[in-house]
Structures are given as C-alpha cells and as structure tokens.
Amino acid sequence: IHYSHAQNLVPNYSFEVYDTCPSHANQISFAIPWQGVTTNSTDYFNSCSTGSIGVPLNGCWQYARTRNAYAGIWVIDGYGGEYSTYLQVKLDTTLQHDSCYLIEFYCNVHNASGYAIDKMGAYLSNTAVSTVGPLLNGTVLQYTPQIVSHQFLNDTLNWMRVGGYYKANGGEQYITIGNFSTDSATDTVHIGGF
C-alpha cells in the first residue's frame with residue numbers, strides 16, 4: 001500500500017493572486033498565471049474592482065467560493081453560434097505516469113442565465129492548448145476532456161463540484177476547463193433568466 005499526501009498542483013487555484021485589478025471583461029490574465037485559450041472573452045471577477053466585474057456586485061450577485069475572486073466563462077451559445085470560452089493554466093508539477101490524481105473544480109451559474117448545462121470538463125495535456133488555425137465548430141475546442149460533469153450545473157447560489165480521478169499517462173502539464181461539446185451535443189435545462 002502506498003500513501004501520499006495531497007498537494008494542490010494548480011497555481012492560484014482560487015484566482016486570488018493578481019497583478020492588476022480587473023476593470024472590464026476579458027482580463028483573466030490578470031489572475032496570474034491563468035490564461036484564456038480562444039480570442040473570446042474569459043472574464044476575471046475580483047472584489048478589488050467595482051461595477052460589472054466586482055464581487056459580488058457584478059450582475060451575477062455571486063460571492064466567490066473562497067475569499068474574493070473567481071473566473072467567468074461562456075459555455076453555450078444557445079443561438080447556434082457555438083460560442084465558448086475556456087480557462088487554462090500550467091500545473092506546478094508535471095503529472096507522473098500511472099499515478100492517480102483527483103481533479104476537481106467548482107461551477108456556479110450566472111443568476112440571469114436561462115439555461116444550465118451538463119458537460120463542463122477538464123482537459124489535461126502535455127502542451128498548452130492552442131487555437132492556431134480555424135476551429136471546427138466556431139469556438140468549441142476539439143479535445144476530449146478526461147473529467148466531465150455528470151449532472152446539470154444549475155445552482156445559481158452555491159458552487160457545484162465537478163471532479164473525478166485521473167490516471168496520468170505522464171507528462172501532462174496543463175489543465176484547460178470549459179465545455180468541449182458543441183451546442184447540439186450539450187444537454188441543457190431551463191432555469192429561468194434570459
């Protein structure tokens with residue numbers, strides 16, 4: 001029997017560390033070292049800011065799960081435009097061959113959202129996900145995430161856990177989070193809103 005101690009390999013996992021307070025959308029790179037993947041808006045919300053990207057007074061009225069900050073991504077267009085955004089970060093340590101890792105993250109639906117989805121995912125890769133060249137379905141990344149939610153993420157008040165165990169191939173250094181399915185392949189449930 002082998003025992004190991006838990007260690008979080010995701011830097012700035014709660015988005016609390018920042019080099020600049022966000023002033024508008026599409027500033028996830030201020031939460032160092034996080035990045036967006038596509039040219040679409042990956043948003044950064046922090047209580048240091050006021051207005052539409054402050055916490056909690058940002059239109060969502062959502063408190064951060066831990067302390068003062070969180071990221072915001074778009075996971076389904078709903079109008080057939082296949083518009084999605086993603087979060088990506090390089091892990092603190094490369095994953096080791098045949099080692100098992102618990103991968104988990106938390107989601108919450110914007111208070112004004114009309115629909116919730118069931119396919120949020122985490123994709124682990126040896127190299128950074130790149131969007132050089134055209135995407136096959138608008139802005140939906142063509143990767144198969146190793147961790148995928150199996151329930152509708154429909155809570156607008158509480159943060160819902162998405163997670164599972166992953167046996168590494170070895171060499172994985174990046175985690176990318178988002179919806180990797182097209183709109184037509186993503187199940188939705190109506191929760192009100194617009």
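**Entry 1: the model**

I am working from a predicted model.

**Entry 2: aromatic pairs**

I looked up the aromatic pairs and found 6 in the structure. I started with Phe45 and Tyr70. Their ring centres are 5.1 Å apart and their planes meet at 25 degrees, so I noted the pair as stacked. The cut-off for stacked is under 30 degrees.

Next I checked where the two residues sit. Phe45 is in strand 2, residues 43-46, and Tyr70 is in strand 3, residues 69-72. They are 25 residues apart, so I wrote that the pair links distant parts of the chain. Phe45 has 8% relative accessibility, so it counts as buried. Tyr70 is buried too, with a relative accessible area of 7%.

**Entry 3: a tilted pair**

I turned to Tyr86 and Phe180. This aromatic pair is tilted, with 5.2 Å from centre to centre and 45 degrees between the planes. Tyr86 lies in the loop between strand 3 and strand 4, and Phe180 lies in the loop between strand 10 and strand 11.

Which residues form one aromatic cluster with Tyr86 and Phe180? I found Tyr123 and Tyr143.

**Entry 4: a charge over a ring**

I looked at Arg65 next. Its charged end sits over the ring of Tyr106, 3.5 Å from the ring centre.

**Entry 5: salt bridges**

How many salt bridges does a search of the whole structure find? I got 4.

I took Arg67 and Glu16 to begin. The closest N and O atoms of this salt bridge are 3.9 Å apart. Arg67 is in the loop between strand 2 and strand 3, while Glu16 is in the segment before strand 1. The two are 51 residues apart. Is Arg67 buried or exposed? At 65% relative accessibility, Arg67 counts as exposed. Glu16 is buried, with a relative accessible area of 12%.

Then I checked Asp98 and Lys167. Their side chains meet in a salt bridge at 3.9 Å, N to O. Asp98 is in the loop between strand 4 and strand 5, and Lys167 is in strand 9. This pair also links distant parts of the chain, 69 residues apart. Asp98 counts as partly exposed at 44% relative accessibility.

Lys119 is partly exposed, with a relative accessible area of 23%. Asp118, at 12% relative accessibility, counts as buried.

Terms used. Residues numbered from 1 in each chain as written. Predicted model: local features only at pLDDT ≥ 70, side-chain atom pairs only at ≥ 80, totals over all residues. Heavy atoms only, no water. Phe/Tyr/Trp six-rings, centres within 6.5 Å; stacked < 30°, edge-to-face > 60°. Helix = DSSP H or I, 4+ residues; strand = E, 2+ residues; numbered from the N terminus. Buried < 20%, exposed > 50% of the residue type's maximum accessible area, 1.4 Å probe, protein only. Lys NZ or Arg CZ within 6 Å of the ring centre and 35° of its normal.
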